[in-house]
Amino acid sequence: MDNAQAGATTKTVTFRIWRQDGPGGEGHYDEFRIPYTKGANVVSSLMEIQRNPVTVQGKKVAPVVWDAACLEEVCGSCAMNINGRVRMACSALVDKLEQPITLEPMKKFPVVRDLTVDRQRMFESLKRVKAWIPVDGTHNLGPGPRQSPKDQATMYVLSTCITCGSCLEACPQVTMDNDFVGAAPISQARLFNMHPTGKMNAEERTRALMGPGGIQDCGKAQNCVKVCPKEIPLTSSIAMMNREVSKLLIKDIFFKEEEQKHAAGPG
Ligand code: SF4
Ligand code: FES
């Protein structure tokens, strides 16, 4: 029986939701049953549960806590594990999900409460790669440099990242105990390195991807590209930035050899 049939027959939808009071605390699942509504998504269902947070056992519990803002897959805040797969709750239609629908917080970020996590790790990585264009004032600088339509098309897709963290969640190399930056910051480094003004800081961004937690920690599992809600070509971004890192490493070796020759003096 598919879910639409199940919903039509029982006229209810069952949710199994992870409950956790705070970071690092013990957790458990609460089960809720709500009336079936055609076209409902996970966020609208969470709102329905919030109206009367009573479990299927009839126990009144604290309302479930989750993050959401735009409700149209733009802000990236509602990422969570839905039936074991990370995705955006606002675009996850109940009709397309197996029941009971299991909701869990992302596991690669510390839980704040219930389904809400702290994605600071990703924002710190974006700072590490300087994922921005430096400006020296707010005065009018006139029209920007021209870009080819091909570059514009590539950059547009990269710029649609909503910092949801799904790519980090799906990556086996990202763990709570390490500091691998993950796919999104690598892809943003590529975006800003392509920018005509951002190119000025390209070497700095590329160097930020060297060393511990950098691009060499990528295990090429390619899970990131499968879960990205914006279908950003993350594996291409990783390959491109890997090439840039390799070029810099070769340059460094070359300069080191040159320096050693100079230090040794003539003869
Ligand atoms: S690259 Fe995709 S999956 Fe990763 S944070 Fe950006 S939008 Fe989310
Ligand atoms: S609420 Fe903004 S992406 Fe889902």
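View 1. Phenylalanine 255 is partly exposed, with a relative accessible area of 46%; buried denotes under 20%, exposed over 50%, and partly exposed the range in between (1.4 Å probe, protein chains only). Phenylalanine 254 is likewise partly exposed, at 47%. This is a predicted model, in which local features need pLDDT of at least 70 and side-chain atom pairs count only at pLDDT 80 or more, whereas totals for chains, interfaces and linings use all residues. Residues are numbered from 1 along each chain as its sequence is written, and side-chain values use heavy atoms, with hydrogens and water left out.

**View 2. Tryptophan 18 and tyrosine 29.** Tryptophan 18 and tyrosine 29 form an edge-to-face pair, at 5.0 Å centre to centre and 75° between the planes. The pair links distant parts of the chain, from strand β1 (residues 12-20) to strand β2 (residues 27-35); strands are DSSP runs of E with at least two residues, numbered from the N terminus. Tyrosine 29 is partly exposed, with a relative accessible area of 31%. In the other pair, the ring centres of phenylalanine 254 and phenylalanine 255 are 6.0 Å apart and the planes stand at 70°, so this pair is also edge-to-face.

**View 3. Surroundings of threonine 116.** Threonine 116 belongs to strand β7 (residues 116-117) and is buried, with a relative accessible area of 8%. Beyond its neighbours within four places in sequence, threonine 116 is in contact (heavy atoms within 4.5 Å) with Val65, Trp66, Asp67, Pro110 and Val111.

Key
Chains lettered and ligands numbered in written order. Helix = DSSP H or I, 4+ residues; strand = E, 2+ residues; numbered from the N terminus. Phe/Tyr/Trp six-rings, centres within 6.5 Å; stacked < 30°, edge-to-face > 60°.
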